[in-house]
Amino acid sequence: MDCIFCKIVNGEIPSAKVYEDDTVVAFNDLSPQAPVHVLIIPKEHIASCDEVNEENCAVVGHIFAVAAKIAKEKGLSNGYRIVNNCGDEGGQTVKHLHFHLMGGRQFTWPAG
Ligand code: AMP
Ligand code: ZN
């Protein structure tokens, strides 16, 4: 399967990893939109949020626990944003489930 995030998981494509365990990897976004911009992904290929179901959803909770840990390590004590873009209208460009952990600046709402 030609999936760039699967290739990051298996080491075929290099990444600046900030966290890794048995089920997830977190690495710096190549095109950061904030002083801290980390992508947290399941090692398992799940195409998008729309493919999350009762069988595979445990990793999503784990991703949020990892996000909180990374946010603390990065000193984001004033807050941060976690984003998931799902599907074409959601702005998803990489079809492997990922959560953007962004911080270090003020965000606005609603997001464009
Ligand atoms: P999305 O638009 O939500 O699908 O986000 C995809 C994100 O992946 C974008 O923010 C890209 O900058 C980022 N990205 C794409 N390729 C890489 C890569 N090889 N390493 C790190 N980040 C990447
Ligand atoms: Zn994948």
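User: What ground rules apply to the model and its numbering?

Analyst: The model is predicted: local features need pLDDT of at least 70, side-chain atom pairs count only at pLDDT 80 or more, and totals for chains, interfaces and linings use all residues. Residues are numbered from 1 along each chain as its sequence is written, chains are lettered from A and ligands numbered from 1 in the order in which they are written, and side-chain values use heavy atoms, with hydrogens and water left out.

User: How many helices and strands are in the chain?

Analyst: Helices are DSSP runs of H or I with at least four residues; strands are runs of E with at least two; both are numbered from the N terminus. Here there are two helices and five strands. From the N terminus their order is α-β-β-β-α-β-β. The radius of gyration is 14 Å, close to the 13 Å of the globule rule for 112 residues, so the chain is as compact as a globular protein of that length. That radius is taken over C-alpha atoms, and the rule is 2.2 Å times the number of residues to the power 0.38.

User: Is A58 buried or exposed?

Analyst: Buried means under 20% relative accessible area, exposed over 50%, partly exposed in between (1.4 Å probe, protein chains only). A58 has 64% relative accessibility, so A58 counts as exposed. A58 is in helix α2, residues 58–73.

User: And V59, buried or exposed?

Analyst: V59 has 13% relative accessibility and counts as buried. V59 also has its place in helix α2. Across the chain, 38% of the 112 residues count as buried.

User: Which residues does V59 touch?

Analyst: A contact means heavy atoms within 4.5 Å. Leaving out residues up to four places away in sequence, V59 touches T23, V24, P42 and I46. For the whole chain, take contacts between residues at least 6 apart in sequence: 55% of them join residues at least 24 apart.

User: Where is Q92 found?

Analyst: Q92 is in the loop between β4 (80–83) and β5 (99–103). At 6% relative accessibility, Q92 counts as buried. Beyond four places in sequence, the residues Q92 touches include A47, S48, N85 and H98.

User: Which backbone oxygens lie by polar atoms of the Q92 side chain?

Analyst: A polar contact is a pair of N or O atoms within 3.5 Å; within protein, one must be able to donate a hydrogen and the other to accept it, and residues adjacent in sequence count only if both atoms are side-chain atoms. The backbone oxygen of A47 lies 3.0 Å from a polar atom of the Q92 side chain. For the backbone oxygen of V94, the distance to a polar atom of that side chain is 2.9 Å.
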